[in-house]
Amino acid sequence: MVRLAMAASQDLRRVMVDTGGATLEAEVIRTAGGVPGRAAVVFHPWAWLGGCMQDPTVVALTRAAARSGLFQMVLRYNVRGAGG
């Protein structure tokens with residue numbers, strides 16, 4: 001599993017989102033200096049081909065978005081059937 005290196009001004013939380021039909025695993029990063037009200041959602045490659053939120057490209061994009069100063073929150077999650 002690839003983990004994000006967090007800056008002191010960032011808060012990482014792992015959450016489970018109940019959609020009523022499935023429970024999705026997610027990680028939310030809240031940044032201290034991001035633009036208020038602005039969020040980024042990073043999607044992984046197709047789950048049927050092995051994509052998940054721990055994909056190195058997804059982790060790199062999430063890290064870049066969190067450090068950019070453009071977003072107050074960055075979310076990545078496993079769609080239904082991904083991650084295990």
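This is a predicted model: local features need pLDDT of at least 70, side-chain atom pairs count only at pLDDT 80 or more; totals for chains, interfaces and linings use all residues.
**View A. Extent of helix α1.** Helix α1 spans residues 56-67 and comprises 12 residues. From its first C-alpha to its last the helix reaches 16 Å, close to the 16 Å expected at 1.5 Å a residue.

**View B. The buried face of helix α1.** Five side chains are of interest here: Val 58, Val 59, Thr 62, Ala 65 and Ala 66 are the buried residues of α1. Seen down the helix axis, these buried residues fall within an arc of 130 degrees, so they line one face of α1. An α-helix has 3.6 residues a turn, so residues three or four places apart point the same way. The cover over the buried residues of α1 includes the strands β1 (10-18), β2 (23-31), β3 (39-42) and β4 (73-77).

**View C. The exposed side of helix α1.** Pro 56, Thr 57 and Arg 67 are exposed on the other side of α1. Pro 56, which lies in the helix, has a relative accessible area of 57% and is classed as exposed because this value is over the 50% cut-off. The C-alpha atom of Pro 56 is separated by 9.7 Å from that of His 44, a residue 12 positions away along the chain.

**View D. The two ends of helix α1.** At the start of α1, a side-chain oxygen of Asp 55 comes to within 2.9 Å of the backbone nitrogen of Thr 57. Just after the helix, Gly 69 adopts a positive phi of about 80 degrees.

Notes
Residues are numbered from 1 along each chain as its sequence is written. Side-chain values use heavy atoms; hydrogens and water are left out. Helices (H or I, at least four residues) and strands (E, at least two) are DSSP runs, numbered from the N terminus. The expected span of a helix is 1.5 Å times one less than its number of residues. Buried means under 20% relative accessible area, exposed over 50%, partly exposed in between (1.4 Å probe, protein chains only). The arc is that of the directions from the helix axis to the C-beta atoms. Contact means heavy atoms within 4.5 Å. A polar contact is a pair of N or O atoms within 3.5 Å; within protein, one must be able to donate a hydrogen and the other to accept it, and residues adjacent in sequence count only if both atoms are side-chain atoms.
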